[in-house]
Amino acid sequence: MKSLSKFFILCFLLANYGLQNNKLHAQAPPGFNYQAIARDSDGYELANTNILARFAIRTFSGTGTIVYQETDTTSTNRFGLFSLVIGSNTNPDIGVFSAIPLANGKHFLQVKISTDNGANFTDLG
């Protein structure tokens with residue numbers, strides 16, 4: 001019985017030592033996937049169209065301070081579908097994706113697209 005309790009104590013001490021010397025470090029994901037159907041003002045899909053997609057991450061509300069913003073160039077498919085990874089842009093307009101203070105309250109994503117090379121952006125809502 002004594003040798004069994006010594007074994008469990010030894011296992012506990014080794015596990016505790018391993019946990020303290022191999023601390024886990026959390027890190028922000030390198031980005032997240034986003035998909036949408038681009039539509040015109042009449043609700044028709046923008047099929048096979050080159051667009052600019054602007055993503056802004058705002059704090060506390062949909063009109064809050066922008067902490068991160070990127071603009072990406074992409075094309076829609078025959079259904080108007082486009083897919084991007086938000087946060088993978090190597091030259092963001094505002095901020096650094098990995099530095100977004102996610103623990104400091106709510107964050108909101110604003111999405112806008114442009115079909116005229118950035119002259120006008122339409123908020124997707």
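1. Arg39 has a relative accessibility of 42%, which makes this residue partly exposed. Partly exposed covers values between the buried limit of 20% and the exposed limit of 50%. All of this refers to a predicted model.

2. Side chains of opposite charge can pair when their charged atoms come close. Arg39 and Glu45 form a salt bridge, with 3.3 Å between the closest N and O atoms. The count for the model is 1 salt bridge.

3. Strands of a sheet pair through backbone hydrogen bonds, either parallel or antiparallel. Here an open sheet of 4 strands runs in the order β3-β2-β5-β6, and the pairing is antiparallel. Its edge strands are β3 (66-75) and β6 (122-123), each of which pairs on one side only.

4. How many bridges join β2 and β3? Strand β2, residues 50-59, pairs with β3 over 9 bridges in the antiparallel sense. Within this part of the sheet, Asn50 stands opposite Ser75 of β3.

5. In soluble globular proteins, nonpolar side chains tend to be buried together. The largest nonpolar core in this model has 12 residues, among them Tyr34, Leu46, Phe55, Phe82, Ile86 and Val111. At least two residues of this core come from each of β1 (32-37), β2, β4 (81-86) and β5 (107-114).

6. Leaving aside residues up to four places away in sequence, Ile86 touches Gly31, Phe32, Tyr34, Phe55, Glu70, Phe97 and Leu109.

Definitions and conventions:
Residues numbered from 1 in each chain as written. Predicted model: local features only at pLDDT ≥ 70, side-chain atom pairs only at ≥ 80, totals over all residues. Heavy atoms only, no water. Salt bridge = Lys/Arg side-chain N within 4 Å of Asp/Glu carboxyl O. Buried < 20%, exposed > 50% of the residue type's maximum accessible area, 1.4 Å probe, protein only. Pairing = 2+ DSSP bridges. Core = buried A, V, L, I, M, F, W, Y, C linked by side-chain atoms within 4.5 Å. Contact = heavy atoms within 4.5 Å.
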